[in-house]
Amino acid sequence: MKPEPNPRVWPGDIYQTFKAVGVKQVAYVPDAGHTQLISNCQSDPEMVAVSLTTEEEGIALLAGAWLGGQRGALLMQSSGVGNCINMLSVPLHCRMPLLMIVTMRGEWGEFNPWQLPMGQNTEKVLEAMGVYVQRATHPDEIGQIVNAGAQLAFNSNCVVAVLLSQRLLGFKDWSK
Amino acid sequence: MTEKKKGTLDRRQVMATVQAARGDALMVTGLGSTTYDAGTADHLNTFCLWGGMGAAAMTGLGLALAQPERRVLVMTGDGEMLMGIGAFATIGVQHPKNFALAVIDNEHYSETGMQATHTQRGVDLAQVAAACSFASTQTVYTEEELDAAIPKLFADEGPTLVVIKVNTQRYPMSIRLRDGARLKDRFRENLLGAAEAYY
């Protein structure tokens, strides 16, 4: 995809929130919407950025991080949520905190029809598993929502997914 | 494919031998027989997964990154490892020096009716890990080889993998703590102290 004309501010808001709440391990499967955030975390000497082969690895990684006394966050695209479902048993059964930041596909102006089945059901399957879902649709609310989600996860020992609406990434005309 | 040798070691004896050498190492065990084996020697520094098949190695990685001064040993079965086989690549790339992995390989899914796993049919986990940049890998078949490998699990620069070929003997389920939340709290309290574990 071509870069956006103006740099986005909200990935920096997420990064600053990670810093403020003490996130040390950031696991990710890349998504275009997470590019800036991944780059910020990679270049932070106080964070370890862990590239995964599949998203459920990140659930297990962050369970281990928590056992060892560190906070983490898992970055993925909505398609990756489907890969995580059974692995969510670990933090859910063990009442471990888990903070996931999910960039949405398959909704606002989607150009790839293969993204629709997972994108249209991301919220439902997460909620069916007992994950607390908090959605951000406006750029200026993202930092606050991630911060509240982090508090919910780390202080209430539960699994939280912050969904970043596809609309945040802007409409791209792929029709021609 | 290498020449086919049979595992003769006894899994519970392997677990006892490894446990005797663990010192202050932190351990993660995987679903299911390896967690049962570990249950025979319940330990405050062991976290036993009884779900999330495929999670063991990656849970150990997260723990190793969080506790770089401590040795972390993951013990799991061949079926559990195969489900999370991508973890070899992720761990190889991350390259934690304090991380070791022991796969107790009986070449069967023993919880579900002794169906063959891929390791019975030519898949060599040590070679997979070597190809994924592990610092050292080996497969052991005998007590002598196991005795020689154990110091590597606890001292060699990681990430290191030892595949331990065992026979197909099955044992009764021996879980001490069924509640993962309790197990997590106990592990964290012992490692971090109550003030940090519960703050």
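**Helix packing, and what surrounds it**

Tutor: Start with helix α1 (residues 10-21) and helix α8 (residues 142-156) of chain A: their axes come within 8 Å and cross at roughly 30 degrees. That angle makes α1(A) roughly parallel to α8(A). This is a predicted model, in which local features need pLDDT of at least 70 and side-chain atom pairs count only at pLDDT 80 or more, while totals for chains, interfaces and linings use all residues. Residues are numbered from 1 along each chain as its sequence is written, and chains are lettered from A and ligands numbered from 1 in the order in which they are written.

A few terms first. Helices are DSSP runs of H or I with at least four residues, strands are runs of E with at least two, and both are numbered from the N terminus. Axes are lines fitted to C-alpha atoms, for helices over the stretch in contact, and angles between N-to-C directions run from 0 to 180 degrees. Under 35 degrees counts as roughly parallel, over 145 as roughly antiparallel, 65 to 115 as roughly perpendicular, and the rest as oblique.

Now the handedness. Which residues make the contact? From α1(A) come Trp10(A), Asp13(A), Ile14(A), Gln16(A), Thr17(A) and Val21(A). From α8(A) come Ile142(A), Gly143(A), Val146(A), Asn147(A), Ala150(A) and Phe154(A). Contact here means C-beta atoms, placed from the backbone, within 7 Å. Seven of these residues are nonpolar, four polar and one charged.

α1(A) has another partner. The axes of α1(A) and helix α2 (residues 35-42) of chain A come within 8 Å and cross at roughly 40 degrees. This crossing of α1(A) and α2(A) is right-handed. Pro11(A), Ile14(A) and Tyr15(A) of α1(A) meet Gln36(A), Leu37(A), Asn40(A) and Cys41(A) of α2(A). That contact has five nonpolar residues, two polar and no charged. Ile14(A) takes part in the contact with α8(A) and also in the one with α2(A).

Next, the chain as a whole. Chain A holds eight helices and six strands. Along the sequence the pattern reads α-β-α-β-α-β-α-α-β-α-α-β-α-β. The C-alpha trace of chain A spans about 50 × 35 × 30 Å along its principal axes.

The strands of chain A form an open sheet of six, in the order β2-β1-β3-β4-β6-β5, with parallel pairing. Two strands pair if DSSP finds at least two bridges between them. At the edges stand β2 (48-51) and β5 (132-136), each with a single partner, so one side of each is left without a neighbour in the sheet. Neighbouring strands are turned by 20 degrees against each other on average, direction ignored. Take one pair inside the sheet: β4 (residues 98-103) and β6 (residues 159-164) of chain A run parallel over six bridges. In this pair, Ile101(A) faces Val162(A) of β6(A).

Finally, look across to chain B. In all, 26 residues of chain A contact 31 residues of chain B. On the chain A side, β2, α3 (55-67) and α5 (89-94) each supply at least two residues. α3(A) gives the largest share, nine residues. By class, that side has 13 nonpolar, 10 polar and three charged residues.

What does α3(A) meet there? The axes of α3(A) and helix α3 (residues 56-66) of chain B come within 6 Å and cross at roughly 40 degrees. The two helices α3(A) and α3(B) are therefore oblique to each other. Their crossing is right-handed. Among the residues of α3(A) in this contact are Leu61(A), Gly64(A) and Leu67(A). Those of α3(B) include Met58(B), Leu61(B) and Ala66(B). The contact of α3(A) with α3(B) divides into 11 nonpolar, four polar and one charged.

Technical notes: Two residues are in contact if their C-beta atoms, placed from the backbone, lie within 7 Å. Ala, Val, Leu, Ile, Met, Phe, Trp, Tyr, Cys and Pro count as nonpolar, Asp, Glu, Lys and Arg as charged, and the others, Gly among them, as polar. A crossing is left-handed if the near helix is turned anticlockwise from the far one by less than a right angle, and right-handed if clockwise.
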